[in-house]
Structures are given as structure tokens and as C-alpha cells.
Amino acid sequence: MTEPEPYAVRVPKGYRVGDWEVREPIATGAFGSVYAARRDVSESDARADVTDVPDTAALKFLPTGTHTPRQLTHLRELAEREVELLSRLSSPRLIRLYDTLTVDDPSRPELDGATVLVLEKAEDSLSALLKRAAAPTAGPALLAQVCAGLAQLHRAGWVHGDLKPANVLLMKDGSARLADFNMAAELEGTHAYTPAFSTPDYTPPELLWAEIGERGRRIRPSADVWAFGVLAHLVLTGSFPLPGGTPTARRDAAVAYARGTAELRLSPELPSPWREIVAACLARTHADRIDTEALLRRVETLTGTTTPSTGRRSRRRTAVLAGALATVAALSAVGYGISAWTGDGNSGDSGDGKTAGAGVTAETAAQYGAVDLRTDRGVPAAYRLLIVETARDCRHASVTPSLIAAMLKVESDFDPALSDPAKNEYGIARWTPSVLRWWMNADGTPGETVPSPPFPPAESIPAMGRYLCWIAPRLNARLPGDRRVLVAVAYRTSWDTVNKADGVPAKNRDYATRIAHYLKEYTPPGRT
């Protein structure tokens with residue numbers, strides 16, 4: 001009988017963090033440990049920030065106790081990388097982040113100050129699956145999903161940096177999610193910078209002897225492509241593509257291959273259609289490797305799969321929203337006021353029988369999402385579908401349709417043509433152009449240039465949602481008051497200002513009061 005793997009962070013069963021009670025351990029790594037957890041519904045039901053959060057989750061503990069200052073800095077950077085990526089990107093192939101917490105427990109110095117990520121709970125991992133069955137029958141389909149996740153990351157300008165079976169999680173429906181983004185990094189041109197840690201079996205040869213600078217090791221998306229090639233070979237054959245009985249031996253084999261003193265000899269058990277794909281991933285140099293988009297096309301063709309490119313939205317919802325946004329944009333372009341289209345501001349009747357596009361009538365769009373947003377309190381019908389979809393795309397408990405509607409009311413009174421040159425703020429969400437640049441693209445990448453006003457609602461409102469979704473997990477978990485109001489105040493000031501003020505700063509109290517008023521006004525009965 002083998003000894004259980006020592007956990008980097010030991011958390012006793014029954015330990016409480018926020019609303020969560022720790023249950024059984026799930027997995028551990030060198031820098032953090034993951035535990036199953038359940039939410040204490042009795043204590044959290046009355047809070048506004050728990051909507052859309054399940055009763056079970058996975059808690060990832062990243063410790064701060066018993067470490068040197070240099071180690072503490074490193075651990076904070078690892079946590080910040082993961083929070084940054086999961087807060088900014090919305091993808092069906094990335095594990096979902098619900099919240100971030102900080103342990104406040106001086107009686108346990110090994111846990112006190114630890115960062116805790118509240119994550120979507122998986123049912124299994126690819127690593128565990130491979131231990132139970134070499135070359136599983138679901139392998140090709142799972143590889144297609146892993147490849148789709150990499151493509152979504154790379155399109156958004158991120159590199160995973162540590163792709164391996166343990167970091168591919170399997171959900172209850174059998175689908176795959178990429179996880180563990182401690183080593184992930186955002187591209188700066190053609191490169192990103194990651195900590196000098198990785199799993200040798202999945203590290204491309206050029207990084208095995210790479211220099212480590214002050215910012216870490218330079219890495220390209222091609223590093224993930226190499227790791228995918230190793231992963232595919234392992235999943236389809238049960239063996240690594242490079243010879244050797246230990247990681248050290250396989251590392252030496254990779255170096256010899258890259259230097260041209262050894263050839264790549266793929267397993268004869270590797271199915272023929274996959275042989276060319278794996279070989280293209282494992283080219284000797286990064287420049288010769290297949291790029292991610294071409295890799296995805298070949299994998300999808302081989303497996304007969306397709307990948308939606310619109311984040312977590314279903315295709316039906318995407319078509320519905322696209323049509324409605326097209327109508328809003330068209331009305332803005334020709335100078336129509338909202339009341340000219342909606343009559344009394346609450347009816348969805350366009351007056352001429354025209355539809356809002358994609359099979360959605362104006363009246364349907366006006367009533368869309370009524371369960372989440374009052375349709376009889378003055379939120380213009382033209383924006384309701386956009387507001388609801390923006391909140392749902394964030395999927396953070398604090399970012400609700402009623403919050404976005406309340407903020408638009410307070411920021412601009414729903415005026416799409418607002419112009420305040422003195423503050424350099426424009427449009428329905430009062431965007432400063434240089435700030436909007438960072439949130440204007442749906443894939444999480446900044447705009448190439450600073451945009452110029454006017455900013456149509458179809459651009460401003462989703463950008464507001466993306467920014468709020470980035471802010472929410474950065475607010476301290478222990479701040480008093482309605483979490484939604486705090487998120488709104490952080491939009492008006494900054495998340496750091498709200499944290500340092502331990503709540504709403506004095507200068508923003510009137511703003512917070514108005515937000516709270518309209519939150520109550522726009523939230524349907526039975527919702528919090």
C-alpha cells in the first residue's frame with residue numbers, strides 16, 4: 001500500500017472559509033491543494049453575492065503562512081495569474097471561477113492569509129482516467145476539447161504554460177475543462193513570461209535550457225502545442241513519445257532530438273491519422289511547429305467536432321443577442337432616441353411590425369429576462385436583452401442584470417449619447433476612451449488603438465460587464481455591505497480604493513445610495 005501524497009496545504013475536514021465548509025481532499029501540487037467543499041445555504045441565502053453559485057465547489061488553497069518573503073511574493077504572483085485569467089476570459093473549455101477568499105485565522109499560522117479560489121467542481125481528471133485505463137475510448141473527443149481550450153486561450157493572448165493530464169478536468173457530463181493557470185501568462189507580442197517551473201515531460205526542448213530573466217522564462221504559444229502533442233501521444237497510446245523510463249531520461253531524449261542527434265520515433269500504436277498531427281506538434285523547433293488554429297482545424301476534422309467561438313453562450317443565444325444588438329446599433333446610428341422606438345419606454349412594440357432580428361420580435365426582446373430584471377420600472381426595452389445577456393456572460397454572482405441596469409441609470413440615465421468632455425467620459429456607461437480600450441473586445445484582448453466616441457450601447461454595456469466581472473473577485477471577501485453596491489463603487493473608483501477604505505469611501509456614499517435604490521427598484525420579487 002502506497003503512502004498518500006503529502007498535501008502542500010493541509011486543511012482539516014469541516015474547516016470553514018466564508019460560506020464554505022471543507023470536505024474531502026481532491027488533489028495537491030507543489031504550491032497549493034484542492035478540497036471539495038459545500039456551501040452553508042442557511043447562512044448565505046440572504047446575501048446578494050451568492051446567486052448562481054452552486055452548493056458544492058472545489059476550494060484551491062494557495063498558502064502564505066510559514067514562508068519567506070520571497071516565497072510569499074511568488075505565491076501571490078501564482079494566485080494573481082490564475083485569478084486574472086479566469087476573471088477576464090469566458091470559455092466553455094476553462095474551469096469556472098466563482099469567487100476568491102482570504103483566510104483570516106491567526107490561530108492557524110499555516111493557513112492564515114492563504115488565498116482561496118472557489119472553483120467549479122469537476123468529477124474526474126484526465127490524469128486519473130489514464131491511470132484507470134490506458135488509451136481510453138473517449139480519448140480523441142477529449143483531445144478535441146483540450147485543443148479547443150488551447151485555441152481559445154491563444155486567441156485571447158494567453159499561454160497556459162503547464163498543460164498536462166492533471167490540469168485537464170472532466171465534468172459530470174464527460175466534457176473536458178482546462179484548469180490550473182498558475183503558470184499562465186499574457187502575451188506581450190510573440191512572447192509571455194512565466195515562472196521557471198514546468199513539468200519536464202511536457203516542456204519543449206528549447207525551454208529546457210532557456211535562460212531565466214528577472215521576469216521569468218520567455219514562452220510562446222508553441223510551448224502549449226508541444227505539450228498537446230505529448231498529451232495526445234500519451235492519451236492515444238498509453239506511452240510518452242520520447243524514449244526513457246524516467247522523466248530525466250525522457251528530458252535528455254528531448255534535448256538530443258532537438259539538437260538533431262536523435263530522431264522522433266512515435267509509437268506504432270498511434271493511429272495513423274493522428275501520427276501527422278502529433279509529429280507536427282513535436283517539431284524540433286518552435287518555428288516549425290503547427291500553429292494552434294491549424295492544429296484545431298485538423299483535430300476537429302479528424303474527430304468530427306466543431307468548437308463555438310463565442311465563450312459560454314449557446315448558438316441560439318448568440319443569434320438572438322446578435323439580432324437585438326444589430327437593431328440597437330442601427331437605431332443609434334440613425335439618431336433615434338430610445339422613446340422613439342419603444343413608445344412609453346416600457347412597451348416592446350416597434351410600431352411598424354419589424355423584428356429585432358434573428359427571430360426575436362421587439363416585444364420578445366423587451367420581455368426577455370424578466371425573471372432577472374423588472375420590465376415595469378423604466379429600464380428601456382431596447383437595452384433589456386443586452387443587459388441580461390451581459391450579466392449572464394459574466395456568471396459572477398455579484399454581477400447581475402439589476403446591477404448593470406442600476407449602474408446605467410446612475411451613470412447616464414440610459415443616455416447613449418452622453419458626452420462629458422470635462423471628465424473625458426462618454427456614452428451610456430460613461431467610458432473613458434483609454435480605459436474602454438482594455439475591455440472592448442469579447443475575447444479579453446485590448447483594442448489595438450484607443451477608441452473614439454461616440455460609444456454605442458452594443459459596445460459600452462458588454463464592456464461594462466467584462467470590467468465588473470474582473471473587479472468582483474478582487475474585492476476583499478470580508479467587506480461589509482451589499483456586494484453588488486461595492487462592485488459598482490469600484491467601477492466608479494477602483495477595487496483597490498474600496499479595499500483600502502474597507503467598504504464604500506466617504507466621497508462615494510451618495511453614488512452608492514443611488515445604486516442601492518435602483519438595485520431594489522430593478523430586482524424582481526423573490527430575487528436578492
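Guide: The model is predicted: local features need pLDDT of at least 70, side-chain atom pairs count only at pLDDT 80 or more, and totals for chains, interfaces and linings use all residues. Residues are numbered from 1 along each chain as its sequence is written, and side-chain values use heavy atoms, with hydrogens and water left out.

Visitor: What makes two strands a pair?

Guide: Two strands pair if DSSP finds at least two bridges between them.

Visitor: Which strands are the edge strands?

Guide: The open sheet has 6 strands in the order β1-β2-β3-β4-β6-β5, with antiparallel pairing. Its edge strands are β1 (16-17) and β5 (97-102), each pairing on one side only. A strand is a DSSP run of E with at least two residues, and a helix is a run of H or I with at least four, both numbered from the N terminus.

Visitor: Why is β3 called mostly covered?

Guide: Buried means under 20% relative accessible area, exposed over 50%, and partly exposed in between (1.4 Å probe, protein chains only). Of the 7 residues of β3 (residues 33-39), 6 are buried, so the strand is mostly covered.

Visitor: How do you know what helix α4 should span?

Guide: The expected span is 1.5 Å times one less than the number of residues. For the 17 residues of α4 (residues 139-155) this gives 24 Å, and the end C-alpha atoms are 24 Å apart, so the two agree.
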